[in-house]
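Welcome! Have a look at the structure, then try each task before reading on.

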Amino acid sequence: MIKKIRKIDGRIVEFKQEKITNAISKAISAVNSKDENTARKLSHSVVEILEKKFPEKIPSVENVQGIIEKVLIEEGYPDVANACILYRKKRTMKKTLKKIKGHARLYAGFIILGLAVLLFLSVIRASIFSEIPEEKRIWFELSFLLLAAISAELLVVYLKQPMVMVLLLLGIIISPSAVSMVYPYIAEIIILPLSIIGVKLSIAQTIPHLIPTEGTVRIFAQLGSIFLLFKIGMHSEIKQIFNSRNFLVGFIGVLIPFIGGYYYAVYTGHGFNYAMFLGAALTATSVGVTVAVLHEFNVLDREFAKIILGAAVIDDILALLALSLVVNFPSTLDMASISPLLSILGMAAIFVVGGIKSGQYIVSRYFDKSLEDGKIPNTTFLGILVYVLSYAYVAEFIGLSAIVGAFIAGITLNYSRITEKLFELFYPLEAFFTPIFFISLGMFVDISALISNIVPILIITLIAIATKLFGCGIASRLSGANVKDSILVGIGMIPRGEIALIIGLFGLTATTATGEPVLHATEYSIIASMAFLTTVMVPFVLQRALSMLGYK
């Protein structure tokens, strides 16, 4: 008994006699009238022949079709047999056309895909090697930076390192100095093996420029630092920031590094301006980098983390005041000369105290009352954005950093009943802008300057590490912290990051009375390299210290 049949495409399926009956019935209907009994009788004859001819083997569809035509002719139905042959040819032609159409569609898809790949590659090549207007190029830069951030997420799992460190390393890899140094060697590596096998490949001689450190990307990076510090501010209670313990750690963390940097520059024969700017650059702690690592370890609520956070904020405020001191340092100590400095100090004090007090009133009077059915209206969310950016602008305007203003704005929202919901609302902004901020920190380092000035860079970096580690660590111990927490405070206060770069950039763009820049490019590169090295080492060292001291 026939149970299986092999189809044209090779598949083996269940044998059904009614399909033979239907095929014969359709052929009879095409010639005469429909006759189900004749079709059923003829299909029985076909099955009998199949069972005799294929007792143990599986027949194919072609075998069945041949036997159907033979039975029709022998039983006196040649016209029906011809109709079957004609139907089979039409069906075969239809299947062939369908197959050709399917292949054509597949090939067309591959061709379109190939053309799309070529188009994208040509656009990427033009974006890397050609001068593209900024309003067009920004989309390439943002896409590239976000792809780098995605790569960092994957590398974090593979390398088992803090996210901040991976982002900083990616920043230096795609920095202009790294690309200009590595590209010629990459071009040679690609061309050499191809030339050996006789393939000539023309590679652009122009050094590719992936991401600039200026322009729109810099603005996005600044927004990343603002949203990061705003979030950190919302985690911080006022009494945990501005207290005598944090002030002592912050003050010592500014005084000792400033003295160390100043006297090193003087001792090595540099001028007064460089000595002052180097001292100022060594004072500021990059609170964003340290707190990002502490956040990954879930230890932000520990006592040493509160000391780091509070002291770093006071440290940054004092460091920016030190920058104001350097810029406005009077040539004589009369009232007319020191009045600009006193003015900046007064405005900073008014902003910090007045900003917190007025902010608490705004938050309780307007933002808290806008909560509707447990949700924050869009108007309130946009209002909070305006609130944060306004604080950042005022801080920048009076001579402080925008991140200090964002942090103060975050502190005022700490006691709000909408704080937890704000964390959720601001997460997309933080996820978008913050990686760009950390990548941009790595992009500022000049590798060629790093190599040519390696000795002074290492010495200044050691001074930066030692003055913070011992200065802040000892101050923390004197304020009542235990030895373990004091060590972590000293390590956590080491990174300089964005504030040091801001101070260095200010010196690079500022001019003396004779019109010359206060800092030359090499001097700025030394400061930027120190900022990078202290920033990139801390995530690794702090991670190891936390693990060794029992914070898993």
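A residue is called buried when its relative accessible area is under 20%, exposed when it is over 50%, and partly exposed in between. Keep in mind that the model is predicted.

**Exercise 1. Decide whether Glu-303 is buried, exposed or partly exposed, and find what it touches.**

Step 1. Find the residue: Glu-303 lies in helix 13, which covers residues 303-327.

Step 2. Take its relative accessible area, which is 39%. Because this value falls between the cut-offs of 20% and 50%, Glu-303 counts as partly exposed.

Step 3. Look for partners, leaving out residues up to four places away in sequence: Glu-303 touches Arg-245 and Asp-485.

Step 4. Glu-303 and Ala-481 are 178 residues apart along the chain, and their C-alpha atoms are separated by 8.4 Å.

**Exercise 2. Work out how helix 11 and helix 16 are covered, and name their buried residues.**

Step 1. Start with helix 11, residues 272-281: eight of its 10 residues are buried, so by the 20% cut-off this helix is mostly covered.

Step 2. List them. The buried residues of helix 11 are Tyr-274, Ala-275, Met-276, Phe-277, Leu-278, Gly-279, Ala-280 and Ala-281.

Step 3. Turn to helix 16, residues 402-412, where 11 of the 11 residues are buried. Among them are Ala-402, Val-404, Phe-407, Ile-408 and Thr-412.

Step 4. Buried residues make up 47% of its 552 residues.

**Exercise 3. Find which members of the largest nonpolar core touch the most other members.**

Step 1. Recall the general background: in soluble globular proteins, nonpolar side chains tend to be buried together.

Step 2. The largest nonpolar core has 104 residues, and Phe-230, Ile-384 and Leu-413 touch the most other members.

Step 3. Follow one of these residues. Beyond its neighbours within four places in sequence, Leu-413 is in contact with Phe-230, Met-234, Val-363, Phe-367, Ile-384, Tyr-387, Thr-419 and Leu-422.

**Exercise 4. Describe the largest cavity: what lines it?**

Step 1. Count the cavities of 30 Å³ or more: there are four. The largest holds about 50 Å³ of space.

Step 2. Its lining consists of Phe-227, Phe-230, Lys-231, Met-234, Leu-422, Phe-423, Phe-426 and Glu-430.

Step 3. Sort these residues by class: six are nonpolar, none are polar and two are charged.

Step 4. Assign them to elements: helix 8 (216-234) and helix 17 (419-443) each supply at least two residues of the lining.

**Exercise 5. Describe the largest pocket: which helix gives the most to its lining?**

Step 1. The volume of the largest pocket is about 1,100 Å³. Of the 28 residues that line this pocket, Lys-7, Val-61, Gln-65, Arg-91 and Lys-95 are the closest to its centre.

Step 2. Look at the elements. At least two lining residues each come from strand 2 (12-14), helix 1 (17-31), helix 3 (61-74) and helix 4 (78-129).

Step 3. Helix 4 gives the most, with eight residues.

Step 4. Finish with the classes: the lining of the largest pocket has 11 nonpolar, four polar and 13 charged residues.

Notes. Residues are numbered from 1 along each chain as its sequence is written. This is a predicted model: local features need pLDDT of at least 70, side-chain atom pairs count only at pLDDT 80 or more; totals for chains, interfaces and linings use all residues. Side-chain values use heavy atoms; hydrogens and water are left out. A nonpolar core is a set of buried Ala, Val, Leu, Ile, Met, Phe, Trp, Tyr and Cys residues joined through side-chain atoms within 4.5 Å. Buried means under 20% relative accessible area, exposed over 50%, partly exposed in between (1.4 Å probe, protein chains only). Contact means heavy atoms within 4.5 Å. On a 1 Å grid over the protein atoms alone, a cavity is a set of points where a 1.4 Å probe fits but cannot get out, and a pocket is an open set with protein on both sides within 12 Å along at least five of seven lines; lining residues have an atom within 4 Å of a point. Grid points are joined across faces, edges and corners, and a volume is the space filled by probe spheres set on the points. Helices (H or I, at least four residues) and strands (E, at least two) are DSSP runs, numbered from the N terminus. Ala, Val, Leu, Ile, Met, Phe, Trp, Tyr, Cys and Pro count as nonpolar, Asp, Glu, Lys and Arg as charged, and the others, Gly among them, as polar.
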